[in-house]
Amino acid sequence: MTDLGTMAALAREIDATCRLTGTFVLRSGRTADEYFDKYRFEADPRLLDRVAAQLVHLVPTDTEVLAGLEMGGIPVVTALGRHTGLPCAFVRKTAKPYGTARLAEGAELAGRRVLVVEDVVTSGGQVVISTGQLRELGARVEHALCVIDRVEGGAEALAAHGVALRALLRRADLEAHRTR
């Protein structure tokens with residue numbers, strides 16, 4: 001299992017790697033002097049490997065396929081698959097209109113217990129949408145896993161759709177271990 005010292009160090013490193021200062025225009029149009037760039041921990045192979053090693057402990061034992069959501073869930077699921085040995089699927093926001101025209105590439109999902117993997121969950125909206133689409137393809141989805149839960153309603157939104165969210169870290173973990 002994971003010890004608190006390891007998790008504190010990991011939270012500190014993720015926060016130090018991803019928290020940027022400057023002037024940033026947010027999706028809302030508001031301007032902020034601080035920005036959390038989640039892709040920075042995913043782009044660091046050493047840090048991503050440490051994250052995946054800790055996520056292993058949160059994978060339900062009956063999981064048959066790991067399904068990473070476009071775009072941030074893809075590197076996370078690939079690293080996690082390396083640690084678990086489980087096959088992976090890569091899930092688009094919409095099916096591509098050419099070639100295989102598939103929503104999910106990689107491992108077959110129909111009839112299998114699928115764990116949806118995302119990097120950061122905020123409202124849970126995309127996880128809810130993707131879970132519904134995967135279920136339409138025959139996947140059995142009861143759990144989702146994320147590296148960071150921003151604790152802004154995502155877990156509740158997923159629970160309303162029969163999906164339990166498991167998170168490695170929550171926003172408060174990053175803030176509690178922030179290096180000043």
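Okay, so let's start with helix 3 and helix 4, which cross in a right-handed way. Keep in mind that this is a predicted model. Two packed helices are described by the angle between their axes and the distance between the axes. Here, the axes of helix 3, residues 45-55, and helix 4, residues 73-84, come within 8 Å and cross at roughly 60°.

Who's touching whom? On the helix 3 side you've got Leu48, Asp49, Ala52, Ala53 and Leu55, and they meet Pro75, Val76, Ala79, Leu80, Arg82 and His83 of helix 4. Sorted by class, that contact has eight nonpolar residues, one polar and two charged.

Strand 1, residues 19-25, and strand 2, residues 31-36, run antiparallel, and five bridges join them.

Last stop: serine 123. Where do we find it? Serine 123 is in the loop between strand 6 (113-121) and helix 5 (125-136). A polar atom of its side chain lies 3.3 Å from the backbone nitrogen of glycine 125.

Now look further along the chain. Glutamate 152 is 29 residues away from serine 123 in sequence, but their C-alpha atoms are separated by 5.6 Å. Leaving aside neighbours within four places in sequence, serine 123 is in contact with Glu152, Gly153, Gly154 and Ala157.

Key. Residues are numbered from 1 along each chain as its sequence is written. This is a predicted model: local features need pLDDT of at least 70, side-chain atom pairs count only at pLDDT 80 or more; totals for chains, interfaces and linings use all residues. Side-chain values use heavy atoms; hydrogens and water are left out. Helices (H or I, at least four residues) and strands (E, at least two) are DSSP runs, numbered from the N terminus. Contact means heavy atoms within 4.5 Å. A polar contact is a pair of N or O atoms within 3.5 Å; within protein, one must be able to donate a hydrogen and the other to accept it, and residues adjacent in sequence count only if both atoms are side-chain atoms. Axes are lines fitted to C-alpha atoms, for helices over the stretch in contact, and angles run from 0 to 180 degrees between N-to-C directions. A crossing is left-handed if the near helix is turned anticlockwise from the far one by less than a right angle, and right-handed if clockwise. Ala, Val, Leu, Ile, Met, Phe, Trp, Tyr, Cys and Pro count as nonpolar, Asp, Glu, Lys and Arg as charged, and the others, Gly among them, as polar. Two strands pair if DSSP finds at least two bridges between them.
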